[in-house]
Amino acid sequence: TPPQGMRAGWGLLVVLGLTVGGVLALYDRLGAPGYPDLPLKDRLAMSEELRQSRPSQAEAEAGVTETPRTDIAPDFVDLMTKLRAAVIARPDDVQGLALLARNEAALGNIRAAIVAQTALIGAKGAEVVAEDHASLAELMIVATGGYVSPSAEEELVRALALDPAEDTTFQVLLNG
C-alpha cells in the first residue's frame, strides 16, 4: 500500500480536479464564455443611455388598449354625464375635477382621468399636495400597463419634493 501521505495527496488532487471541473461547468452553463469584461462604469453608462432613450408617455400609452368598464348602472352614467358637463362649465372647480378624475379612473377611462387629474393640479396651484402628483403618476403608470415613463417619473419626483416622507413609497416605483 502507498504511504499515508501519498493517499492524502491523491485525494487532494481528486478534490481539486472535481472543484475546478465543477467551476468550469458552472461557468459554461451560467457565465458568458467569450463575452468581454464589462466594467461597472460601462454598465452604468449603458443603463443611463437606455433610461434617457426610453419611450415617452404617449408612445407607451399607444401600445396599451384602454378597456373601460361596461357594467355601469345607467344612473351612474347619467351622473357622469352631468359631472363632465359641470367640469366643462367650471374648469377651475377643484372638487369637480377631483371627483371627475377619481370616477373616470374607476370607470376604466384612465386617459380621461389623467386629463382631469392634470387639470386638478393646475386648478389647485399653490395648494397642490404630494398626493395629487402621486395620483397623476399612478394613473400614468396604469395607462401604460405598468411602465414608468419619464413623465410619470417627473410626477413622482414632484410628489417627493412636496413630501419627502413619502420617499419609501415612491422609490419603489422609481427604481422598480
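Author: R51 is partly exposed, with a relative accessible area of 35%, where partly exposed covers the range between buried (under 20% relative accessible area) and exposed (over 50%), found with a 1.4 Å probe and protein chains only. This is a predicted model, in which local features need pLDDT of at least 70 and side-chain atom pairs count only at pLDDT 80 or more, while totals for chains, interfaces and linings use all residues. Residues are numbered from 1 along each chain as its sequence is written, and side-chain values use heavy atoms, with hydrogens and water left out.

E153, at 15% relative accessibility, counts as buried. The side chains of R51 and E153 form a salt bridge with an N to O distance of 2.6 Å, the term meaning a side-chain nitrogen of Lys or Arg within 4 Å of a carboxyl oxygen of Asp or Glu. Because R51 belongs to helix α2 (residues 40-52) and E153 to helix α8 (residues 150-162), this pair ties together parts that are 102 residues apart in sequence; helices here are DSSP runs of H or I with at least four residues, numbered from the N terminus.

E153 also forms a salt bridge with R54, and their closest N and O atoms are 2.1 Å apart. Since R54 sits in the loop between α2 and α3 (57-62) while E153 lies in helix α8, that pair ties together parts 99 residues apart in sequence. Taken together with E48, the residues R51, R54 and E153 are linked in a network of salt bridges, and a search of the whole structure finds 10 salt bridges.

Key. Helix = DSSP H or I, 4+ residues; strand = E, 2+ residues; numbered from the N terminus.
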